[in-house]
Structure formats: C-alpha cells, structure tokens
Amino acid sequence: MAPLDFPEFPVLIGQTGPNNGQKWNLKDTLLIGRDPECDVVIPDRQVSRYHARITITKEGVQVEDLGSKNGTFLNGRIVQEPAFLLDGDLVQIALIQKIVFLNSDATLPMDLESSANITFKGRLYIDPKSRRVWILDQEVIPHLSAPQFRLLDALYQQQGRVIPRQEIIHIVWEDEEAEGITDQALDALIRRLRERIASIDPDHNYIATIRGHGLRLDNPK
C-alpha cells in the first residue's frame with residue numbers, strides 16, 4: 001500500500017515507558033510489539049510479540065490491537081475494534097508504553113526535558129505544544145483525552161472570558177461533527193474533566209458554569 005499524499009506525515013511520540021521521547025513518522029504502517037522485527041520495539045514481557053498496528057487508510061489513521069494478551073488502549077479505553085485516531089490521542093501499549101498521536105510534525109511537542117523550566121502562573125498550567133497539564137505543580141497522569149484537552153485549553157487560552165456553550169462545542173468537536181453534538185454530550189465531557197481535575201485538587205472548582213451564558217476558567221495563583 002502506497003502512502004497517502006499528506007502535506008506532512010503524522011507523528012507518534014513516546015511519552016512514558018522504554019521509548020520515552022522517541023519519535024516515529026507514520027508514512028504507511030507501524031507495527032508495534034516485542035519482536036525485534038517490529039517498527040516500534042518495546043522490550044517488555046507484558047508486550048506481545050506483535051501487539052498493535054497503526055495504519056494510514058483512506059478514511060484516516062487507525063489503531064488496531066493484534067490479539068495482544070495485555071491490551072491496547074486509546075485514551076484509557078481498551079481497543080477491541082480498529083479505531084480512528086485524532087490529533088492528541090493517547091495510545092497505550094499494555095501498561096508499559098504510552099504514545100501520543102499528532103497529525104503532523106508541525107505540532108511536535110516540546111522536548112519533554114524542558115518541562116523543568118516551566119514557570120507556573122496559576123494553580124493550573126497547560127503546555128499546548130506537548131498537550132500536558134499541571135495542577136498545583138503536579139502533572140495530570142494519565143493525560144487528558146483529546147476532547148478533554150481541547151475543552152480545557154479553550155478555557156485556559158481565554159481566561160476570564162465566559163465562553164458560550166455552542167462556541168465550546170465547535171472548538172471541542174470540529175464543525176462537521178459539532179452539528180450532532182447535544183448539550184448532554186457536552187455536560188458529560190465537562191463532568192469527566194472536572195473529575196480528572198478534582199482527583200488532584202478537590203478543593204477548588206476550576207470550571208465555573210455561568211448559567212445562561214457558558215463556561216469560564218477560574219485559575220487563581
């Protein structure tokens with residue numbers, strides 16, 4: 001299968017695990033597993049010899065579990081059928097290796113080592129390049145799902161402004177998908193994001209609901 005005509009190749013970045021910080025350009029298919037012949041080799045017994053496969057298709061980029069013993073996960077959910085990847089999605093191989101998917105090299109995260117030089121300007125801090133989030137100097141691990149991150153980043157980039165719910169829907173879900181998104185779906189996303197934040201800082205409500213208007217980030221120093 002010949003690679004599709006992408007202006008820039010999608011990129012996979014190892015975030016934690018044996019391949020932390022490594023980068024793979026996705027030009028066709030990447031085979032992930034313990035076997036030395038794999039494109040991404042993870043030398044751990046929890047990883048199957050041929051564990052997972054990430055492939056460019058006509059419809060988009062897919063991740064597929066290859067009948068592994070310990071599972072492949074997409075944004076914390078086990079992959080049972082091939083699933084399409086969105087920019088910022090997190091793929092986890094067993095409990096060993098996390099890999100972030102980026103649409104292209106243009107959105108390549110910062111060097112993970114540079115996080116030591118971050119200056120925190122509030123209780124919550126986002127690095128948009130690496131899609132990493134800190135609360136009270138503690139990084140949110142596992143990382144937020146792509147929709148959770150887009151919601152929080154939208155509020156973070158416009159701190160102090162009340163963002164209308166419909167505008168948030170169009171930010172979190174691209175325009176074509178946004179037409180079918182209900183208020184209930186947005187409420188569920190907000191609830192899950194609040195739960196993730198509260199797992200680190202239960203004493204402050206960062207995402208304030210302004211009834212009849214929208215949402216605002218409350219991020220004190």
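Let's start at leucine 124. Beyond its neighbours within four places in sequence, leucine 124 is in contact (heavy atoms within 4.5 Å) with Val133, Trp134, Ile135, Leu152, Tyr156, Ile197, Tyr206 and Asn219.

Some ground rules. This is a predicted model: local features need pLDDT of at least 70, side-chain atom pairs count only at pLDDT 80 or more, and totals for chains, interfaces and linings use all residues. Residues are numbered from 1 along each chain as its sequence is written, and side-chain values use heavy atoms, with hydrogens and water left out.

Now the core. A nonpolar core is a set of buried Ala, Val, Leu, Ile, Met, Phe, Trp, Tyr and Cys residues joined through side-chain atoms within 4.5 Å. Buried means under 20% relative accessible area, with a 1.4 Å probe and protein chains only. The largest core has 28 residues; Leu124, Val133, Ile135, Leu151, Leu152 and Ile197 touch the most other members. At least two residues each come from strand 12 (124–127), strand 13 (132–135), helix 1, helix 2 (165–172), helix 4 (183–198) and strand 17 (214–217). Helices (H or I, at least four residues) and strands (E, at least two) are DSSP runs, numbered from the N terminus. Apart from that core lies another, of 22 residues, including Ile32, Val61, Leu74 and Phe101.

Next, helix 1. Of its 12 residues, 9 are buried, so helix 1 is largely enclosed by the rest of the structure. Leu151, Leu152 and Tyr156 are among them.

Last, the sheet. Strands pair if DSSP finds at least two bridges between them. Here 6 strands form an open, antiparallel sheet, in the order 2-1-11-10-7-8. Strand 2 (23–25) and strand 8 (77–78) are the edges; each has a single partner strand, so one side of each lacks a neighbour in the sheet.

Note on methods: Buried means under 20% relative accessible area, exposed over 50%, partly exposed in between (1.4 Å probe, protein chains only).
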